[in-house]
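Biologist: Could you take me closely through one part of this model, the place where the two chains meet? I would like to know what packs there and how the copies are arranged.

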Number of protein chains: 2
Amino acid sequence: MDIRQLEYFLAIVDHGGFNRAASAMYISQPALSQAVQGLERDLGSALFHRMGRRAVLTEAGTALIEPARAAVRSLQTARASVDAVRELRCGRLDVASMPSQAVEPLTTMISAFGARFPGVSVAIKAAFITRDVVDMVRTGAAELGLLATSGPLPEREVACHLVGRQRFVLVAAADGPFTGRRSVSREELARHRLIVGQRGTGMRAYVDELRERGIAFTIAAETEHRVSLIPLVLSGVGVAVVTDAWRTVAEHAGAHVVDIEPESALDIALVSRRDELSPAAKEFLACALDDTTR
Amino acid sequence: MDIRQLEYFLAIVDHGGFNRAASAMYISQPALSQAVQGLERDLGSALFHRMGRRAVLTEAGTALIEPARAAVRSLQTARASVDAVRELRCGRLDVASMPSQAVEPLTTMISAFGARFPGVSVAIKAAFITRDVVDMVRTGAAELGLLATSGPLPEREVACHLVGRQRFVLVAAADGPFTGRRSVSREELARHRLIVGQRGTGMRAYVDELRERGIAFTIAAETEHRVSLIPLVLSGVGVAVVTDAWRTVAEHAGAHVVDIEPESALDIALVSRRDELSPAAKEFLACALDDTTR
DNA sequence: AACGCTCATAAGCTTCCCTTATCAGAGTTC
DNA sequence: GAACTCTGATAAGGGAAGCTTATGAGCGTT
């Protein structure tokens with residue numbers, strides 16, 4: 001059985017005869033006869049009584065009409081479902097992001113994208129280090145990725161679009177060591193107690209680099225959950241080096257944020273597979289790059 | 001788009017890869033690749049991200065899964081619908097019948113058939129004269145026909161099966177001219193007022209034949225609606241010649257029924273198209289002939 | 001670094017579908 | 001009632017589409 005055969009069958013029913021149906025379907029009449037014969041052979045039942053002049057539906061033929069229409073409709077539905085995704089009337093876009101960048105610039109990006117394509121939902125897939133993001137994009141776990149790196153961009157593995165830079169800032173308790181200051185030099189971090197993130201993150205790479213420069217500090221805590229950084233700072237465990245994506249959040253939480261001099265920053269990149277992207281991903285990329293260049 | 005392509009697509013989704021799906025569908029892997037490529041070309045959207053090793057569903061692919069399953073199911077449903085008719089689990093059988101024969105023997109036949117195939121409904125299509133029945137069967141308006149004839153069976157046009165004979169009886173009012181009698185000779189009908197049916201019916205042919213024999217009577221009324229015969233008799237308009245299919249009905253209605261001598265009868269035949277019949281019609285024929293020969 | 005597994009591509013063959021041409025039956029018309 | 005017309009079936013040939021085997025390319029694994 002075949003959709004083509006069912007369409008032919010319905011055409012015969014609807015147009016009331018093989019010849020008229022053949023004209024309507026722009027095929028020859030023998031093609032119709034053969035298709036119906038094939039269908040009847042396949043189903044094991046005659047669909048029409050052939051009575052010289054006219055073809056009359058059999059009971060089996062009558063029983064087939066409605067299911068056949070349903071089958072034809074179901075193909076149209078399938079096509080429409082795919083079209084809806086392509087035309088961004090619905091669907092879903094997975095974006096892998098490291099935690100800090102999930103705060104900014106991802107929030108802004110999603111907001112802009114959501115305004116243009118309200119039917120498409122964006123899912124933030126959790127990645128924790130740059131490598132996670134690259135791998136998720138490479139393997140297709142997410143179609144786009146947002147990462148931060150202090151080193152070179154992974155241009156060889158994925159397509160990279162620089163969307164901004166985030167400078168490092170120091171978060172301290174409001175009544176902590178840097179109260180009243182707007183900036184500190186990195187050398188001033190010596191002998192302080194630091195709360196740091198997981199290896200592989202941009203902020204950790206920066207901190208490790210400071211230590212290699214000979215700035216001696218203590219690592220008071222290391223957390224894989226960035227959300228715990230600020231509470232740790234506020235409870236007096238130590239100070240933390242984070243990117244200024246956290247500035248607003250930290251200040252609202254009651255922490256004191258100061259710039260670290262000389263300015264040092266992470267590159268923030270939106271990455272994607274090298275081959276053809278889905279329409280949603282393309283548009284998201286366009287939205288995001290448009291915003292950053294504007 | 002094609003059901004085959006959707007089945008292949010679903011196989012890939014369900015088996016998690018082209019190779020496994022190809023094995024499961026007993027086709028070669030390139031056949032699958034080509035089918036999916038054709039589907040993607042047709043839909044205008046990629047369904048899988050090809051990432052060297054693994055094929056990952058795109059958003060469009062995800063959107064296609066459910067509609068594709070529905071489409072595949074719809075074909076199975078269509079097949080099942082036809083099967084149900086063939087296996088006589090449901091369906092409908094049209095039987096054309098003249099009015100008298102619709103009382104008997106059709107009622108008995110339908111009862112026997114209904115007991116064996118409760119899912120199949122039998123529709124009685126109204127015919128009024130023998131020719132109507134033959135035409136309806138010939139043109140497919142009904143698949144079977146039940147007719148009565150005093151002449152030869154229409155063997156040339158349809159397949160005929162003699163299922164019985166109905167003798168002619170006279171229906172008179174309870175207080176009418178034949179009260180107390182069990183039979184009358186046909187000559188006694190002379191000078192009586194008769195209520196007759198439409199030309200072309202068996203009872204009318206018999207009455208016309210009596211007149212040709214020189215038996216002189218008056219035609220008090222002619223009706224195309226046989227149901228009005230008995231009321232006319234009961235109201236004293238005249239007497240009526242009908243077949244003994246009506247005996248029970250007439251007596252229950254309060255009329256007096258007497259045999260007409262010498263016995264004269266109509267042949268009752270079940271007729272059908274000459275070519276292959278539907279399973280329901282075949283079974284009905286089998287039931288009916290089985291009953292009459294038993 | 002070599003191997004193995006993934007899916008894509010290429011080329012040949014088979015199959016199936018559609019075409020034109022013709023036939024056969026039944027209704028219609030003169 | 002004979003010719004005509006309209007119905008759908010049948011026959012034969014050409015072309016497209018699908019499946020096959022063989023091979024290639026990319027990526028992960030040993």
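**The meeting of the two chains**

Modeller: Leaving aside residues up to four places away in sequence, A:Phe9 touches A:Val36, A:Leu39, A:Leu47, A:Leu64 and A:Ala68, where two residues are in contact if their C-beta atoms, placed from the backbone, lie within 7 Å. This is a predicted model, in which local features need pLDDT of at least 70 and side-chain atom pairs count only at pLDDT 80 or more, while totals for chains, interfaces and linings use all residues. Residues are numbered from 1 along each chain as its sequence is written, and chains are lettered from A and ligands numbered from 1 in the order in which they are written.

A:Phe9 belongs to the largest nonpolar core, which has 56 residues and in which A:Phe9, A:Ile12, B:Phe9 and B:Ile12 touch the most other members. Such a core is a set of buried Ala, Val, Leu, Ile, Met, Phe, Trp, Tyr and Cys residues joined through C-beta atoms within 7 Å, a residue being buried if 20 or more other C-beta atoms lie within 10 Å of its own. At least two residues of this core come from each of α1, α2 (18-25), α3 (29-43) and α4 of chain A, and likewise from each of α1 (3-15), α2 (18-25), α3 (29-43) and α4 (59-86) of chain B; the helices are DSSP runs (H or I, at least four residues) and the strands are too (E, at least two), numbered from the N terminus.

Between the chains, 39 residues of chain A are in contact with 38 residues of chain B. On the side of chain A that touches chain B, α1 (3-15), β1 (48-51), α4 (59-86) and α7 (130-139) each supply at least two residues, and α4(A) gives the largest share, 18 residues.

Within chain B, B:Phe18, B:Ala21 and B:Ala22 of α2(B) are buried. What covers the buried residues of α2(B) includes α1, α3 and β2 (54-57) of chain B.

Terms used: A residue is buried if 20 or more other C-beta atoms lie within 10 Å of its own, exposed if 12 or fewer, and partly exposed in between; C-beta atoms are placed from the backbone.
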